[in-house]
Every structure is written in structure tokens, then in C-alpha cells.
Amino acid sequence: MADSTGKGRGRSPEPRTTKTAMGATHDVQNFDVDSDEDKSALEEFFAPVAGFGVTMASLFRPVVTEQYPFEKKPTAPRYHGRHQLNRHPDGLEKCIGCELCAWACPADAIYVEAGNNTPDAQYAPGERYGKVYQINYLRCIFCGLCIEACPTRALTMTNDYELADTTREKMIFEKDQLLAPLRSGMLSAPHPMVEGTTDGDYYRGAVTGPTAEQVDWVREHRPEDPSLESAADPGRAQGGKR
Amino acid sequence: MGLEDKLPAGFMLGKVEDLVGWVRSSSMWPVTMGLACCAIEMMATGTSRFDISRFGMEVFRASPRQADLMIVSGRLSHKMAPVIRSVYDQMSDPKWVISMGVCASSGGMFNNYAIVQGVDHVLPVDVYLPGCPPRPEMLINAILELHEQVVKQEPLGANRAEVRAKVEAAALEATPTHQMKGLLA
């Protein structure tokens, strides 16, 4: 470095050189980390502009900003969003009120109270159903341990993340907010299980939809039920046990 | 506060309220109040990918005097509580608070002696935002929720006095947060 004065740059005075113990020479006084000495005149001329190069080049790159509230980008497919309580294909609830989700929850965000199914009010296959189901979204950390704990796959997570609200009370979601909406062809609970099935058949996926007996039962007990229309549609292949 | 407080209640004040609410919501500067990991997402909200300057709030003020909005992002320890309160008190009116993340909103999974179980024990919170941490879109959603509130219900003058009296009466009736049971605790 110190010996390279031959290029005759003339900007700095004669560099003072010293010899170190190792024998190498060093420029002590005018040590310049970004020395331009090996640059051509053109490069040197454009050096101050180079800093703006990044800025200039960025002008022609695509914009990275997501216009969030106007254009929503989809989340990852397995994003941990708001919970959902699922239903069997005939409309009975999958939740059996076992409280394993509440046990698994590290933040104590879930409260479950089980109720007994009766012949008059059968909400889920088997003996019991989740009578009260609350999730406190001001405690929930969306870790998904409740989903892992659920033995009937009743509790899953959606990709919905817009949850902000104004009071603590509104952030406790009740069962009616968490329960999955009835798909077309489902019959809203309560109604009896499909004839001749056990809860095991439901879990194995043997039940594919509401049967005529179930539709009749609901028509008798709740003639105003809005889900009757699609469940009793004659054009639809009737469900039952597979 | 100013001239708008002298206006009589009625049509005129209603129109001024609309205008003032719109103006206030369009340039709301947040104070830097990052307390834990949620602050990372809050900073991400300011980056070019999410870009909260689209809503006129690009500058995170380090000085509470120049800020309108406090985004409490992260768990609030008991030791930090008086600090956050004094920062809030130094902010000039009108001011708003977003409680970002479950820890700030209710203590979250940290139900222990060190953490204040929700910043609403020390601050009046306008919008609660769940998530651990909430993604930047969720924060923007909460901010827009707050903007909506500010545009819709920003009473001035005589209307403000009336609303304040009602809020005060309701607060005296309400159960204090520390006495709430169950999931609200």
C-alpha cells in the first residue's frame, strides 16, 4: 500500500512508512480504508453516485407493500387462527365435552362444561356434549395444543385472524360463535343419531349425512327449523350409515 | 380545549365532530412502547411490507408529548406499570391506547405474580388485540378499528362533557377488573 505511490495521485502528502517487527511496511498516518487508488477515473467519478444506486435500482423493482385491508394475502394453509367447533356430516356436534382441550391449554383460556345427551335433546353422538364452551381470546396464545388434545377432531383452527375488539367481554367467544356453520345438507342439532349406529360409527366416518328419520324427527319437534329445507331436499342423495 | 369547545351542541357541533374525528384518525402518531416480543411485530408493521405510513402514522415517537396513540406491545411487569402510566400521563389529549397481544390484554399465559393481568388495570384501553404475537395484519386491523371508533364517536364540547359524565357513572357501577371471576379474571 505504502509503496503504491507510483500512480501519482498527488492527493495525499508523501506517506510516512514504518517497519514493524514482522518486516511489513504500513502506512501509519494516511491509512485509508476506502482508498480509491486502484479505481479508474470513471469509477472514481461515479463513486459518490454509487450510494444512490440502491435507491435508483429500487425505483424499478416491484413494490413489496401489501395493501392489507384492501387486498388480503392468504395466510399459510395451516395458520393458527380462530378456533372452530366442527360437526358430523349429519349436523351433530363433534364436541363431547371431555375438557381435554381445557386441560391442555397452557394459558387456561378454555372453559368447557359438559351436558348429558337425552333422547329429547341429542346434540352429539354418545353420552355427553359440550354444553358451555368458551374460549377467552385475550388469553389464548394460538399454540394449537387444544387441537392436538381433541380426541374427536371437534376443535380445529381456521385462518381467520381479524379478532380485535373493544371490550374484554366481547373477546370471550361463546359456543354459538365458535360452532361451524351448517353446511348445505346438514341438519341442525339436536336430533337423534342415525338409526342403528353408535358413536364409534360416527368417529370412523360411517355416517355420511342426515337420514329421513332424522329429518322427520326435526320436522316433528322444530317445524320452523331453517336447516330442514336443504336436509330434506329430495334431489340430494340421502345419508345414513355407509 | 379550543374554539370547538365553545360551540353549542346540535347540528353545527355534530359536523365539526365529524371533521375533527376524520382529521385525528388520519394522523395518529404512536409512542414507542415496545415491552416484549410483540414489539417485533409492531416494528414489522412499520416496515415497507406492511407500511403503516399508509395510514398517516409512520413515525413512532420516542417522546410521549408528540404522540396520540400508545400501542402497548408486550407483557407489562409490575415494575414497569408506574413507568407506563407516567408515559401515558405525559401524552397530550386526545390519546388512545391499543393493547397489543394477549399478555398486554389480560396477562396471557403469564398468570403469575410478576405480570400485571392486563394493562387495563393501569390504562384505559380502547382496542384489545389478541394473538401471541399478533401478525402485522392483525395490528393494522386493530388500528383501523380504532380509527373507525375515533371517526364515529369523538364527542366535543357539550357532547364530550355529557359522555364523560356517563362514562364516569358507568365506571362507578362496574365490577373492578381485579374482582372479576372466571375467564374475565
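In this predicted model, a nonpolar patch on the surface is formed by A:Leu42, A:Phe45, A:Phe46, A:Val49, A:Phe52, A:Met56, A:Leu59 and A:Phe60, which together have about 980 Å² of accessible area. One of these residues, A:Leu42, sits in helix 1 of chain A, an element that spans residues 41–59. With a relative accessible area of 59%, A:Leu42 is exposed, because the cut-off for that class is over 50%.

**Interface of chain B and chain A**

- The size of an interface is often expressed as the accessible area that is lost when the parts come together. For chain B and chain A the buried area is about 2,900 Å², and carbon and sulfur atoms give 58% of that area.
- Polar contacts across this interface, counted with both residues at pLDDT 80 or more, amount to 12 residue pairs.
- The rule for salt bridges finds 2 of them across the interface of chain B and chain A.

**Salt bridges**

- Over all chains, the count of salt bridges by this rule comes to 13. In general, side chains of opposite charge can pair when their charged atoms come close.
- A network of salt bridges links A:Glu66, A:Lys73 and B:Arg49.
- Within chain A, the side chains of A:Lys73 and A:Glu66 meet in a salt bridge with an N to O distance of 3.9 Å, a pair that counts because the cut-off is within 4 Å.
- A:Glu66 also forms a salt bridge with B:Arg49, where the closest N and O atoms are 2.7 Å apart. This pair crosses between chains, running from A:Glu66 in the loop between helix 1 and strand 3 (83–85) of chain A to B:Arg49 in the loop between helix 2 (38–46) and strand 2 of chain B.
- How buried or exposed are the members of this network? A:Glu66 is buried, with a relative accessible area of 6%, whereas A:Lys73 is partly exposed at 49% and B:Arg49 is partly exposed at 42%.
- In chain B, B:Arg85 and B:Asp89 form a salt bridge whose closest N and O atoms are 3.0 Å apart. Because B:Arg85 and B:Asp89 are 4 residues apart in helix 3 (residues 81–90) of chain B, about one helical turn separates them. B:Arg85 counts as partly exposed at 31% relative accessibility, and B:Asp89 is likewise partly exposed, with a relative accessible area of 44%.

**Chain B as a whole**

- Chain B contains 6 helices and 4 strands, and from the N terminus on its elements follow the order α-β-α-β-α-β-α-β-α-α.
- Chain B has 185 residues, of which 46% count as buried, and its accessible surface comes to about 9,100 Å², with 60% belonging to carbon and sulfur atoms.
- Among the contacts in chain B with a separation of 6 or more, 77% are between residues 24 or more positions apart.

- B:Ile143 is found in helix 5 of chain B and is buried, with a relative accessible area of 1%. Leaving aside residues up to four places away in sequence, B:Ile143 touches B:Ile52, B:Met57 and B:Ile98.
- The C-alpha atoms of B:Ile143 and B:Val127 are separated by 8.2 Å, with the two residues lying 16 residues apart along the chain.
- B:Ser73 has its place in strand 2 (residues 69–73) of chain B. At 0% relative accessibility B:Ser73 counts as buried, because the cut-off is under 20%.
- A polar atom of the side chain of B:Ser73 lies 3.2 Å from the backbone oxygen of B:Met33.
- The residues that B:Ser73 touches, not counting those up to four places away in sequence, are B:Met33, B:Gly34, B:Leu35, B:Ala36, B:Cys38, B:Ala39, B:Met42 and B:Met100.

Terms used:
Residues are numbered from 1 along each chain as its sequence is written. Chains are lettered from A and ligands numbered from 1 in the order in which they are written. This is a predicted model: local features need pLDDT of at least 70, side-chain atom pairs count only at pLDDT 80 or more; totals for chains, interfaces and linings use all residues. Side-chain values use heavy atoms; hydrogens and water are left out. Patches are made of residues with over 30% relative accessible area and no salt bridge: like charges are joined within 9 Å, nonpolar side chains (Val, Leu, Ile, Met, Phe, Trp, Tyr) within 5 Å. Accessible areas come from the Shrake-Rupley method with a 1.4 Å probe; for residues, only the protein chains shown count as cover. Helices (H or I, at least four residues) and strands (E, at least two) are DSSP runs, numbered from the N terminus. Buried means under 20% relative accessible area, exposed over 50%, partly exposed in between (1.4 Å probe, protein chains only). Buried area is the accessible area (1.4 Å probe) that two parts lose on being put together, summed over both. A polar contact is a pair of N or O atoms within 3.5 Å; within protein, one must be able to donate a hydrogen and the other to accept it, and residues adjacent in sequence count only if both atoms are side-chain atoms. Contact means heavy atoms within 4.5 Å.
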